[in-house]
Structure formats: C-alpha cells, structure tokens
Amino acid sequence: MEIPLWKKCYKKNFKYFNKRKFIILIMLDIKISVIGLGYIGLPFSMILAKSGFKVNGYDVDNKKLKKLKSKKYLFEEKNLNNLIKNQKVLKNLSFTNKLKLANLYILCLPTPLNKKNNCDYQYIHKALKEISKVIKDKDKIILESTVEIGFTDKIKKILEIKKKKLKIDIYYVSEKAIPGNTLYEMIYSDRIIGSNIGNKEFISKLYKSFVKGNIFITNNKEAEATKLIENTYRDFNIGLATNLSQILKEKNVDYKKVFNLSNRHPRVNILSPSFGVGGHCIPIDPYFLENKKSGLISKIRKINNDYIDVISKKINLFIKNNESKKICFWGFGYKLNTNDTRESPPLKIYNKVRKSNCFASDFNKSLKIRNFLKSNSALKKCDLHLIFNLNDSCINRKFKNKKFVKALDLIN
Ligand SMILES: NC(=O)c1ccc[n+]([C@@H]2O[C@H](COP(=O)([O-])OP(=O)(O)OC[C@H]3O[C@@H](n4cnc5c(N)ncnc54)[C@H](O)[C@@H]3O)[C@@H](O)[C@H]2O)c1
C-alpha cells in the first residue's frame with residue numbers, strides 16, 4: 001500500500017511539523033476526480049494539478065480525451081495552452097473515460113434548459129449514478145455546475161440509497177470565466193463557497209491553494225443563488241441598454257452620446273447594447289431563478305431574444321439589396337475571443353436569414369453550419385463579408401488586403 005505523503009514527511013521532520021503544514025500535506029494526498037472536461041472542468045483540473053493535487057479528469061467525450069492524451073488539445077487561449085504543457089500539470093493530471101476511485105469528486109457538467117425552461121439535470125444525474133458505485137465514507141463532492149436554488153442539498157438523496165448512511169460532505173462552488181481570460185478569472189476572482197455541514201477548513205484550504213481573490217463561505221442555497229443573480233444582473237443590464245438604445249433611435253436621439261452623459265452620474269452605469277446574449281450562462285441561468293411567463297425575468301429574456309429578430313430584419317433587407325452578390329458571414333462565437341457557439345446570436349441570425357447567395361466562414365474549423373466555406377475559399381468566392389464576432393487581430397490578419405466599407409452597422 002502506498003504510504004501517504006504526510007506520513008513520510010511527519011516521520012522525517014517531526015520537530016518542524018506544524019498544523020498548517022500537516023493540513024497542506026493531507027490535502028496533497030487527496031485524489032481528485034474532475035467530472036466533465038469542458039470550458040470549466042478542463043482549466044480547473046489544470047489549475048488544481050499545478051497546485052500539486054493529483055487529479056484525474058473524467059469525460060465521456062472520447063474524441064476530446066484522445067486529443068488530451070496525445071497532447072494535441074488546443075485551447076483558444078494562449079495562457080491555457082501554456083498551462084497544459086506545465087511540468088507539474090503533466091505530472092499530476094491524467095485523463096480517463098471511466099470514473100476512477102477518488103476522495104473528492106468535482107462536477108463540472110452541462111446544465112442546459114429543458115423544454116419547460118427548467119434546469120435539465122440529466123448529465124448530473126448520470127454522473128451521480130457513476131459516483132454512487134465508488135463513493136466511500138468521508139469522501140467529498142463539489143458541484144461547480146450552475147443549478148436551481150436547493151439542488152445541492154438534494155444530492156445526498158440522489159446518490160443511491162445504500163450510500164445514504166455514509167458521511168459525505170457536499171459543497172457548491174461556482175466559477176467566473178470570460179472567453180480569452182478564463183485562467184485569470186479562475187485565479188483572481190473572489191469565490192463564494194456553499195458549505196452546509198461540510199468541513200469548512202478543508203474547502204477553504206483547497207480553494208486558497210490557488211485562488212488569489214477573497215473566499216467567502218456561506219450556505220449552499222445562498223451560494224447557488226449568488227451565481228444566478230450574477231448572470232441575471234448581466235442579462236438585465238445588457239437588455240436594458242439594448243432596449244434604451246432602440247427607444248432613443250426611434251426618437252432620433254444619439255444613444256451613445258446620451259449613455260455617456262448619463263454615465264457621468266456617480267451611480268449610473270449603462271452598458272453597451274448588443275445583438276443578443278449567448279453562451280452557456282446568461283441566456284439560461286436567469287430562468288433557473290424564475291421562469292414564470294409573466295415574470296420580469298422572462299420579459300428581459302424576451303428583449304434579448306427579440307433583438308435577434310430586429311437584427312435579422314436589417315440583414316434581410318441588406319441581402320435583398322445585394323441579390324446578385326455572394327455574401328459571407330463570419331465570426332459565430334457567442335462573443336469575441338471564443339469558438340463557443342452555444343446559444344450564439346450570430347448563429348441564430350445566420351440560420352434565420354440564410355438565402356442561396358449566403359455563405360458562412362470562421363476560423364473555427366469544427367463548425368457545423370449550412371453553406372460553410374473554408375476561410376481562404378470564402379475570401380476568394382464572396383463579394384461581401386459580414387463580420388459578427390471576430391476580434392481585431394483576426395480581422396487584420398485575414399482581411400489585410402481587403403478594402404473595408406461599413407455597409408451595414410448592426411448595432412447603431
Ligand atoms: N462556460 C462558462 O463560462 C461557465 C461559467 C460559469 C459556470 N458555468 C457552468 O459550468 C457548468 C459546465 O459548463 P461548461 O461550459 O464547462 O460545459 P461544457 O459543455 O463545455 O463541458 C461539459 C463537459 O462534460 C462532459 N460530460 C457530459 N456528461 C458527462 C458525464 N455523464 N460524465 C462525464 N463527463 C460528461 C462533456 O463531454 C463536456 O466535455 C455548467 O453548469 C455551466 O453553466 C460555465
């Protein structure tokens with residue numbers, strides 16, 4: 001049997017052993033299984049491995065695992081590509097398609113909406129079934145997926161009946177991650193940790209080992225609610241800016257100037273309007289808080305969804321006026337600096353307006369979309385290029401010999 005690290009050190013350095021070192025060494029002995037290696041789970045596993053923890057990343061996507069094992073996995077973010085090659089990460093992180101025995105299971109699984117606009121827990125339920133088969137007394141579970149308020153406290157019941165007598169600590173922790181800067185946000189953002197009866201010292205030590213922001217421990221429900229409020233706040237404020245800009249445009253008022261002037265007020269901060277919101281969080285999470293059709297959240301969700309129709313109408317007119325031209329649409333990530341097309345407004349718009357003279361291109365080679373052209377043939381074949389979410393460096397690189405005319409301003 002392998003001798004735990006803390007025992008080896010304890011024997012050698014008895015004199016110098018203090019409580020803090022003891023806890024750190026016990027922590028480094030824990031085996032962590034991160035379940036779901038997506039936008040959150042994979043960088044999070046790497047951060048834990050870099051901090052010295054033994055981490056096993058478990059996913060059901062065999063293609064992704066093959067790339068990870070052969071070290072051919074490519075992130076969109078340079079920082080993450082550097083981190084995955086870090087010696088400590090290479091030493092401490094392994095990948096598998098079978099859940100391995102661990103002491104700590106961290107769930108980073110998708111939580112999309114179902115047809116009734118409730119949280120779809122199918123991925124979490126499947127993983128919990130797997131965990132039920134291997135979980136032992138005193139093991140711990142951390143839920144990092146965004147869920148409805150109260151779900152974390154139900155996990156014990158969901159784990160199979162015979163396991164219910166085991167003493168298992170269950171925590172809720174959420175991440176903040178912006179495309180292009182995921183690593184920074186995971187390390188420097190404050191963490192709100194939900195812990196009902198769990199070991200608070202353990203959970204705070206675990207996150208303190210890599211988080212440079214502050215750590216706040218509260219109960220599971222409050223931690224779940226905090227995550228939902230953060231994304232609802234973003235949804236509301238983007239929707240508000242978009243709606244206000246439309247009202248001002250109808251009245252022939254320069255909304256940009258008015259927003260700037262309004263933001264001179266010390267307690268006002270109006271955001272920029274946008275052509276809808278996308279991704280796995282903002283268009284989904286507010287419904288976890290409340291999904292009544294008559295509720296304010298549904299109304300704001302509708303503003304952000306409807307704006308996709310406003311933009312589509314503008315583009316339809318543009319296509320009609322350019323019937324003889326071949327038009328290529330670019331940049332389908334839900335926002336700048338990401339290939340993530342989940343709930344992506346550009347993708348929804350393209351699918352709404354697409355005619356036979358319309359094509360799509362992107363530097364994301366795995367994009368499955370009608371009339372897709374590789375970037376070089378799109379540049380050769382098409383006469384007009386409509387750019388959604390491509391960052392400036394990408395535009396400068398690929399379109400360097402093209403003449404730019406702002407033929408259609410989607411927002412203004
Ligand atoms: N993406 C973000 O910026 C972000 C930010 C904060 C919170 N979140 C939340 O984190 C959670 C995960 O989001 P994500 O964007 O990382 O999702 P993702 O879709 O990128 O990744 C999920 C991964 O889980 C895997 N998976 C699915 N079922 C599985 C199973 N039964 N066992 C093992 N692996 C399985 C998938 O193959 C995939 O690789 C969601 O609840 C999301 O709302 C996401």
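## Basis

This is a predicted model, in which local features need pLDDT of at least 70 and side-chain atom pairs count only at pLDDT 80 or more, whereas totals for chains, interfaces and linings use all residues. Residues are numbered from 1 along each chain as its sequence is written, and side-chain values use heavy atoms, with hydrogens and water left out.

## Ligand site

Of the 26 residues around the ligand, those that come nearest are Ile40, Asp59, Lys64, Thr111 and Arg342, a residue being near if one of its heavy atoms lies within 4 Å of the molecule. The shell draws at least three residues from each of domain 1 (5–218) and domain 2 (243–398), with bounds from an automatic or database domain assignment.

Oxygen atoms of the ligand lie 2.9 Å from a polar backbone atom of isoleucine 40, 2.7 Å from a side-chain N or O atom of aspartate 59 and 3.3 Å from a backbone N or O atom of leucine 109. The protein covers 90% of the 840 Å² of accessible area that the ligand has on its own (Shrake-Rupley method, 1.4 Å probe).

## Aspartate 340

Aspartate 340 is found in the loop between strand S9 (327–330) and helix H15 (345–353); helices (H or I, at least four residues) and strands (E, at least two) are DSSP runs, numbered from the N terminus. Aspartate 340 is buried, with a relative accessible area of 5% (buried means under 20%, with a 1.4 Å probe and protein chains only).

## Helix H10

In helix H10 (residues 200–208), the buried residues are Phe202, Ile203, Ser204, Leu206 and Tyr207.

How values were computed:
Buried means under 20% relative accessible area, exposed over 50%, partly exposed in between (1.4 Å probe, protein chains only). A polar contact is a pair of N or O atoms within 3.5 Å; within protein, one must be able to donate a hydrogen and the other to accept it, and residues adjacent in sequence count only if both atoms are side-chain atoms.
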